[in-house]
Amino acid sequence: MLLHGGPVATALLAVAYATFAVFAEHQRRQRAGCGCLGASATPATPLHVVLNLIVAAIAAIVAVGPPTSLVVTVAGDPLPGLLLVALLAVAASLCYLLLTV
């Protein structure tokens, strides 16, 4: 997705995260572990469901927009592109912390 972009791959990513959200909700209702980033015994929480739905929505929005990739964005305008890369790293780190701590 980040290297090549494209609406088909991004739409598939949206479907995958929507599926993860359904699975996380199922696990949450069963009071079972989510089996994701933390320990396998870590219970699924509403936060798991919400974060998956947010990422699915973002991917769906990107899928209907003009096709681009992170490489093209950084190459086209390096300073804002590198800032975007840094913000993506911070967002990914925050999601990891939210799901594991």
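Tutor: The crossing of α1 and α2 is left-handed, a term that applies if the near helix is turned anticlockwise from the far one by less than a right angle, with right-handed for clockwise. The model is predicted, with pLDDT of at least 70 needed for local features and 80 or more for side-chain atom pairs, while totals for chains, interfaces and linings use all residues. Residues are numbered from 1 along each chain as its sequence is written, and side-chain values use heavy atoms, with hydrogens and water left out. Helices are DSSP runs of H or I with at least four residues, strands are runs of E with at least two, and both are numbered from the N terminus.

The axes of α1 and α2 come within 8 Å and cross at roughly 165°. This makes α1 roughly antiparallel to α2, since angles over 145 degrees count as roughly antiparallel, under 35 as roughly parallel, 65 to 115 as roughly perpendicular and the rest as oblique. The axes are lines fitted to C-alpha atoms, for helices over the stretch in contact, and the angles run from 0 to 180 degrees between N-to-C directions.

By class, the contact of α1 with α2 has 18 nonpolar, three polar and two charged residues. Here Ala, Val, Leu, Ile, Met, Phe, Trp, Tyr, Cys and Pro count as nonpolar, Asp, Glu, Lys and Arg as charged, and the others, Gly among them, as polar. Contact means heavy atoms within 4.5 Å.

Ala21 lies in helix α1 and is buried, with a relative accessible area of 3%; buried means under 20%, exposed over 50% and partly exposed in between, with a 1.4 Å probe and protein chains only. Apart from residues up to four places away in sequence, Ala21 touches Val49, Asn52 and Leu53. The C-alpha atoms of Ala21 and His48 are separated by 7.2 Å, although the two are 27 residues apart along the chain. Ala24 also belongs to helix α1, which covers residues 7-29, and counts as buried at 6% relative accessibility. Leaving aside neighbours within four places in sequence, Ala24 is in contact with Ala44, His48, Val49 and Asn52. Between the C-alpha atoms of Ala24 and Pro43, 19 residues apart along the chain, the separation is 9.4 Å.

The loop between α1 and α2 contains Arg31. Arg31 counts as exposed, at 76% relative accessibility, and its phi is near 55°, a positive value in a residue other than glycine. Most residues other than glycine have a negative phi.

Helix α2 (residues 46-64) also meets helix α4 (residues 78-100), where the axes come within 9 Å and cross at roughly 155°. That makes α2 roughly antiparallel to α4. The residues involved are Leu47, His48 and Leu51 in α2 and Cys95, Leu98 and Leu99 in α4. Five of the residues in this contact are nonpolar, one is polar and none is charged. The crossing of α2 past α4 is left-handed.

As for the setting, the protein chain has four helices and zero strands. Of its 101 residues, 21% count as buried. Its C-alpha trace spans about 45 × 25 × 15 Å along the principal axes.
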